[in-house]
Amino acid sequence: EGIDSKTLFNAFKELKIKTLLDVRAAPNNQNAAQYKLSNLKALCEGTGMKYAWRGQEFGGIHQTQTLIAKLCDNEYESGSFLLRSTFSLIEHPVVVFCAENSMEKCVRRHIADALIKWNLADIQHITIDAETQKVAVSAYTMADTKQSKITIGRRSPDIDVSVEDDEKNTVRSLPNDAVVVNSDIASVDKAPAQLSKSDVTGFKAAFCIIPPSVIWPSIQAIRQKYDAAYTRWQPHLNIAYPFVNEALFAAQVSHIERALSKIKPFEIQFNRFNFFDKNGSEKEPDPLCYVFLQPSPIDALQQLQKIYDAMIALYPFCKSKKHNQGFTGHLTVGQFPKSKCKQYVTILNAEWKSISFRCDNVCLIARTGDDNPFEIRYKIKLGTAIPTPFV
């Protein structure tokens with residue numbers, strides 16, 4: 001109010017603002033005619049800025065308490081995702097625009113506080129003196145307001161990513177990509193042709209591909225928040241799970257290596273996320289669905305199919321119905337309610353930086369006990385007939 005539009009947009013230009021985010025519930029309000037929707041869009045276009053309206057999500061003084069509750073919601077980090085569904089999909093720097101002159105009375109305050117609280121952005125406060133038209137920019141902190149109403153609640157109880165053992169007051173080790181020998185296991189010498197479904201006991205062994213740990217950080221940053229299996233599994237693409245008992249591993253190595261001898265090492269890229277949809281039910285109307293990194297390119301998918309086919313030829317009893325229409329390789333990063341999956345995947349894709357690795361081996365992994373993480377017992381090389389050492 002009382003601010004000349006030319007002065008305001010010259011300030012935006014000097015600050016190199018890329019997007020004006022309009023959080024007014026009624027952008028055509030006559031109280032600020034110079035900033036009506038059509039005029040504001042024209043001003044943005046004339047300054048080389050993009051215009052985005054999010055008044056439905058953030059605007060309206062009558063919706064302030066509802067907005068605060070949403071911004072504070074930590075179930076599946078819903079508050080963070082509400083912000084990221086806007087701020088991760090627009091070009092930065094962003095100016096949050098509203099008609100209210102007082103920061104204390106405006107929703108800008110709560111949005112700014114939430115961005116800081118969720119560690120999503122650094123905030124600067126732009127002020128323009130109505131009399132002198134002078135522009136001032138200062139760093140904004142939550143202490144700048146009398147009392148912030150943004151407090152982050154507890155995480156959803158459905159996902160437990162704690163690595164702390166309360167009974168022993170110790171911290172359990174997380175899964176890693178090192179080969180670990182289990183000297184307590186007595187090996188059983190049986191060839192694949194001698195095995196059957198009865199040799200698959202429980203869910204404590206798997207045949208999978210594990211990327212090298214050098215590319216784990218960005219994957220684990222997501223899994224730690226959203227994957228219930230974070231403390232049990234390495235980042236992985238399962239080929240067969242469950243797999244034959246760990247006692248049989250040593251006898252399988254040479255057979256698997258021969259079966260994979262014609263499959264040369266290849267590159268796997270992780271460029272985007274997707275999710276497995278799941279039908280709801282009366283008992284579970286909004287079921288948890290798996291969100292995963294989707295491997296690419298086409299050559300990698302073809303090579304993964306060859307590995308799966310070679311595994312099934314050796315162990316037909318490990319065939320999974322879910323792969324009847326072709327092997328669907330995936331690296332799980334979390335479980336989300338079905339109602340949120342599309343939104344979350346869109347945001348994750350917008351924020352993601354592609355990673356890749358050279359796949360030159362498959363792994364046999366196993367775990368002991370109910371709470372211990374999986375450990376790699378064997379890494380079996382692709383494209384070689386030379387026997388792989390047991391260690």
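A: Glu351 is partly exposed in this predicted model, with a relative accessible area of 34%.

Q: Which residue does Glu351 form a salt bridge with?
A: Glu351 forms a salt bridge with Arg84, and the closest N and O atoms of the two are 2.7 Å apart. Arg84 lies in helix H5 and Glu351 in helix H10 (residues 338–351), so this pair ties together parts of the chain that are 267 residues apart in sequence.

Q: And is Arg84 buried or exposed?
A: Arg84 is buried, because its relative accessible area is 9% and the cut-off for buried is under 20%.

Q: What about Lys338, which residue does it form a salt bridge with?
A: The partner of Lys338 is Asp277, with 2.5 Å between the closest N and O atoms. This pair also links distant parts of the chain, since Lys338 is in helix H10 while Asp277 is in the loop between strand E10 (266–275) and strand E11 (288–296), 61 residues apart. Lys338 is partly exposed at 27% relative accessible area, whereas Asp277 counts as exposed at 52%.

Q: How many salt bridges does the count come to?
A: The count comes to eleven salt bridges. One of the pairs is Glu77 with Lys225, where the closest N and O atoms are 3.9 Å apart. Glu77 lies in the loop between helix H4 (64–72) and helix H5 (78–87), and Lys225 lies in helix H7 (residues 216–226), so the pair ties together parts that are 148 residues apart in sequence. Glu77 is buried, with a relative accessible area of 8%, while Lys225 is partly exposed at 33%. There is also a network of salt bridges that links Glu246, Glu375 and Arg377.

Q: Switching to strands, what is the order in the open sheet of three?
A: The order is E2-E1-E3, with parallel pairing. Strand E2 (50–53) and strand E3 (94–97) are the edge strands, each pairing on one side only. Neighbouring strands of this sheet are turned by 20 degrees against each other on average, with direction ignored.

Q: How many bridges do E1 and E3 pair over?
A: E1 and E3 pair in the parallel sense over four bridges, and Asp22 stands opposite Phe97 in E3.

Q: Which helix lies across E1, E2 and E3?
A: That is helix H2 (residues 37–47), which runs at about 150 degrees to E2.

Q: Last one: which residues form a nonpolar patch on the surface?
A: Leu15, Val135 and Val137 form the patch, with about 190 Å² of accessible area together. Leu15 is found in the loop between helix H1 (5–14) and strand E1 (19–22).

Note on methods. Residues numbered from 1 in each chain as written. Predicted model: local features only at pLDDT ≥ 70, side-chain atom pairs only at ≥ 80, totals over all residues. Heavy atoms only, no water. Patch = residues over 30% accessible without salt bridge, like charges linked within 9 Å, V, L, I, M, F, W, Y side chains within 5 Å. Areas by Shrake-Rupley, 256 points an atom, 1.4 Å probe, with all protein chains shown as cover. Salt bridge = Lys/Arg side-chain N within 4 Å of Asp/Glu carboxyl O. Helix = DSSP H or I, 4+ residues; strand = E, 2+ residues; numbered from the N terminus. Pairing = 2+ DSSP bridges. Axes fitted to C-alpha atoms, helices over the stretch in contact; angles between N-to-C directions. Contact = heavy atoms within 4.5 Å. Buried < 20%, exposed > 50% of the residue type's maximum accessible area, 1.4 Å probe, protein only.
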